[in-house]
Amino acid sequence: MKTAVVYYSLDGSTREAAFVIAQKLDADVFELQEVKKRSGKPLSFMAAAFGALIGKKSRLKENPADKMSSYDRICIGSPIWASRTVPAVNTFLYALKAAEKEIILFTVQADPNTAPIEGVKRITRFLEERGAKVGNVLRIHGESPGKTASKGHLAEQIEKQI
Ligand SMILES: Cc1cc2nc3c(=O)[nH]c(=O)nc-3n(C[C@H](O)[C@H](O)[C@H](O)COP(=O)(O)O)c2cc1C
């Protein structure tokens with residue numbers, strides 16, 4: 001089964017998690033990069049959280065959605081902002097031809113309780129309506145904004161969930 005891992009990461013934790021998962025699943029990795037750079041300043045943080053909350057999409061340098069036709073399984077990783085997936089991931093999801101694809105979702109968030117998140121329910125529904133089969137959903141504890149979780153911390157959680 002040919003597998004892709006597609007992710008966005010602002011502070012590096014989702015990137016680390018993506019590479020751990022890709023190694024486990026023998027997958028190719030695609031990073032979603034936004035055209036507009038985000039800063040760690042309070043206003044930028046609030047704009048980012050608000051954008052995620054309203055389901056905004058952002059402009060990507062490249063959207064790998066059109067490369068997904070040759071993959072059977074797509075593992076999609078998003079940091080959680082305001083309990084939602086991030087704009088870059090939304091852009092990818094809207095462009096993805098999801099029918100018949102097997103999807104694994106993984107979210108990385110600061111909240112250690114990692115309760116089921118409204119944003120995940122939404123994208124699960126979105127993908128299933130388009131004919132995808134959403135299987136495993138990994139909920140991973142990352143770090144507080146501006147910090148990167150250690151590979152060991154992430155790998156331990158991934159090991160238990162995959
Ligand atoms: C704008 C913004 C909003 C956030 N909102 C949440 C939230 O609602 N719940 C949560 O648990 N973590 C929240 N976080 C924390 C991130 O999910 C956490 O730092 C994660 O590890 C980031 O992953 P990354 O390093 O791949 O960017 C937020 C971070 C940012 C930048």
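## The shell around the ligand

The residues of the shell around the ligand comprise 11 nonpolar, 9 polar and 3 charged ones, where Ala, Val, Leu, Ile, Met, Phe, Trp, Tyr, Cys and Pro count as nonpolar, Asp, Glu, Lys and Arg as charged, and the others, Gly among them, as polar. This is a predicted model, in which local features need pLDDT of at least 70 and side-chain atom pairs count only at pLDDT 80 or more, while totals for chains, interfaces and linings use all residues. Residues are numbered from 1 along each chain as its sequence is written.

The ligand is surrounded by 23 residues, and the closest are Asp-11, Thr-14, Gln-109, Asp-111 and Gly-142; a residue is near a molecule if its C-beta atom, placed from the backbone, lies within 6 Å of it. At least two residues of this shell come from each of α1 (13–25), α2 (42–53) and β4 (102–109), and α2 gives the most, with 3 residues. Helices (H or I, at least four residues) and strands (E, at least two) are DSSP runs, numbered from the N terminus.

## The sheet

Five strands form an open sheet, "5 strands" in the order β2-β1-β3-β4-β5, with parallel pairing, and two strands pair if DSSP finds at least two bridges between them. Because β2 (28–31) and β5 (133–141) stand at the edges with a single partner strand each, one side of each is left without a neighbour in the sheet.

Strand β1 (residues 3–7) pairs with β2 in the parallel sense over 4 bridges, and the bridge partner of Ala-4 in β2 is Asp-28.

Ala-88 lies in helix α3 (residues 87–95) and counts as buried because it has 27 C-beta neighbours inside 10 Å; a residue is buried if 20 or more other C-beta atoms, placed from the backbone, lie within 10 Å of its own, exposed if 12 or fewer, and partly exposed in between. Not counting residues up to four places away in sequence, Ala-88 touches Tyr-8, Leu-32, Glu-34, Ser-58 and Leu-60, with contact meaning that the C-beta atoms of two residues, placed from the backbone, lie within 7 Å.

## Positive phi values in loops

Asp-26, a residue other than glycine, has a positive phi near 55° and sits in the loop between α1 and β2, where it counts as exposed because it has 9 C-beta neighbours inside 10 Å. Glu-100, in the loop between α3 and β4, has a positive phi near 70° and is exposed, with 10 other C-beta atoms within 10 Å.
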